[in-house]
Amino acid sequence: PNPPGTLRCLYCNRSLQKSAPAGDIHLPTLPAALRDDYRVIEEFPASGSEADLMLVESRKTGERQVAKLYRKGIRPDSELLARLSRNPAGHVVRLVAHGLSGGNAYELMEYCPYGTLRELFDSGPQPRERLHEMVKEMAAGLSEIHAQRILHRDLKPDNFLVRGRDPLQLALSDFGIASLQQATQHFTTLARSVRYAAPEALTGVLDEKADWWSLGMIVLEAATGRHPFEGLSDQVINHHLATRPIDVRSVFDDNLRKLCRGLLLRDPKRRWSEPEVARWLANDPTLPMPEESEAAAATVRPYRIGEASCTSALELATALAKNWSDGSKDLKRGEIGNWLTQQLNDHNLARRLQDILDERGVSDDYRLLRFLLAAAPDMPAAWRGESLNEAALLAAARRAIADDRDAQAWLESIAAEPVLAACEKAGHAALGAFGQRWHDGWERFCMQWEAAHQAEEEWRTTPRTMDGNDESAYVNIDDVMYSRPLRLAQPSRRSLNARLLLLLHDAEFAALTRTEVLAGRGELEQYCPWYQVVGDIATLGPAELLAARQLLPLARDDAEREMRRLGSYSGNRGKNIESLREDILKRLQPILQAGRSTPLDALSRQELDSALTAFNETSRKALQYGYPEEDYRKLCLVVEQLVERALAVEQALGELEYEEDINFMYLQPNRIGIAFAILLVIFGAIGPWTALAGTTALAGLAVYRIRAKKQAEHKIQNTLQALGRLRSVLSRPEP
């Protein structure tokens, strides 16, 4: 605490006076040298103890600039400001004017409306392309001041102003504690931002390599989204800088990690600077991997694999993911376990590794994946040296569709083991959901295929007729016992993984596949009825649509075989048509023969009824053949007319039987005698005229009943004559 009555803080020189009440804001007064030409627009919050910043506007041109007013007693390096003012407006903030007025030093510099680099960091880890732009801009600013023998000594995100965002343009600013480099090294005791200061700042001996260290800390913060010393006090940070290197393993991009490691080497002589950063920006493949010297490195002997030198579990996991084949071998041989125990002294992870190695029935690749997930659960998942995410899986599926054998093998290796389920347990929920949908889709495909297999087997083993004749139905023994069942054996999952994944996740691919199946069905429903088990193509789900597509060529093959089978008898159809005509003529003969009896007695009617039944059965079969020939069509027209006449004969026979039954009731001799006896009684009792009328009525009824029977017999004869005429038409060579 400051002593009572102190107006300015004894430690940071900030004003301790109470803020003015709302509505009574007083802007600071500019020094006399600026007061006539500029007016204050806004005062920026003070971020340091040496000066105040405010936004000013030219009274003549309206151009806005930033005025920096140093507090009394503080004097910037005039030689340094002179050099900066002569510097062209490149990647360093443009210094418009500087001087001394009213006992206060001041600077007037350009105004960058987009704020500072710090504000861009608020969005979290920066994309790779944006980081490349940042490094390029910041390195250019450092190179410009170092070319003028200027050390910044307080480099941090707040000191890079943003001139433009797209493309990114930065301007280096705030040279409050900057100094001129008079010799190879510079001695300093001035304040600095500890979080971005180089280890050698603890000794007070600095050179330009200290600025490059600060640049490395800025890049590390931008790449990870947080500062490695976040939440630590200055004392703890200084101890860290003095005893061990900066951990850059949280940078998952290999190229960015290489840059951070080079800029954050604790030995200034080996630390990267302008030449190495320029090579890194140019993607120079010959740029060597930077390594800490043995004196600066931790006591852990690095685990070397490929180009990586690992000193922690996270770094080892990252390197193993990139060198998968060698890592799988080292894991199996026990080399990684020995290093964890003897060098890293991480016995918990070593025990976890031993549990993984003790698992049975899993591949070495799966064991390596389990170890990577245990050692670095926050690291992006990888499998066999490839990134393991939804985009990578779909990209592999597209390569596999193009007959890329490696992509097919990679997908099958994932499907064959619970790879994605293991990733889900480690916190990769999206991969778990992706894998579950993949698994469910394959299960539905298998169910659909099995249903089609059962339908095809039933169709194949059911006897099929030859030319519609039930008596000639047969089953192909070769198809039943040998070749046919093998054709619908379920295809391998390896060949279908890619197409199933794309159907599940790519709507455009699914639409194209649906169109392909709809266009390829052809006449399958008529000649291959078992294919109907797949359902309505327009509404099928992804897995069922895959089954429909894979079954389509098999169904087309069956349909073609069926069409060839039916077509093989077309040469016999002429004989069959002639045989049908003869059979119908043969069935007509008994009908006409029985109808010649006049009157038709009971035996003749029985024979006629039996002949009609046999004729109708033969006619029904003849109409079911469905031959396309014109002769068959004409034959069917005549047969249909014959069937119509035969039906009329049957109806007339029924009417005849009905009339005979009525006549049997009323025209029996005993009943006629009784009727005459009744009439005689009436004649004696009432009178002759009444009896005569009754006799006349009885005689009329008898005549009517006899005539009704004759009409029924006559109708039968007429219909039989029509049948005879149609028979003569049917018996002609050209019906």
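At what angle do the axes of helix α4 and helix α8 cross, and within what distance do they come? In this predicted model, the answer is roughly 150 degrees, with the two axes coming within 11 Å. Angles over 145 degrees count as roughly antiparallel, so α4 is roughly antiparallel to α8. As for handedness, the α4 and α8 crossing is left-handed.

Here's who does the touching. From α4, the contact residues are His132, Val135, Lys136, Ala139 and Ser143, while α8 brings in Glu274, Val277, Trp280 and Leu281. Sorted by class, that contact holds 5 nonpolar, 2 polar and 2 charged residues.

Now for the sheet. It's an open one, built from 5 strands in the order β1-β2-β3-β5-β4, with antiparallel pairing. The edges belong to β1 and β4; each has a single partner strand, so one side of each is left without a neighbour in the sheet. From one strand to the next, the twist averages 30 degrees.

At the β1 end, 5 bridges join β1 to β2, and the two strands run antiparallel.

Helix α2 packs on it, touching β4 and β5, and the direction of α2 makes about 155 degrees with that of β4.

| Pair | Residues | Angle |
|---|---|---|
| α4 and α8 | 128-147 and 274-281 | roughly 150 degrees |
| α2 and β4 | 78-86 and 95-101 | about 155 degrees |

Notes. Residues numbered from 1 in each chain as written. Predicted model: local features only at pLDDT ≥ 70, side-chain atom pairs only at ≥ 80, totals over all residues. Heavy atoms only, no water. Axes fitted to C-alpha atoms, helices over the stretch in contact; angles between N-to-C directions. Helix = DSSP H or I, 4+ residues; strand = E, 2+ residues; numbered from the N terminus. Parallel < 35°, antiparallel > 145°, perpendicular 65-115°, else oblique. Left-handed = near helix turned anticlockwise from the far one by under 90°. Contact = heavy atoms within 4.5 Å. Nonpolar A, V, L, I, M, F, W, Y, C, P; charged D, E, K, R; others polar. Pairing = 2+ DSSP bridges.
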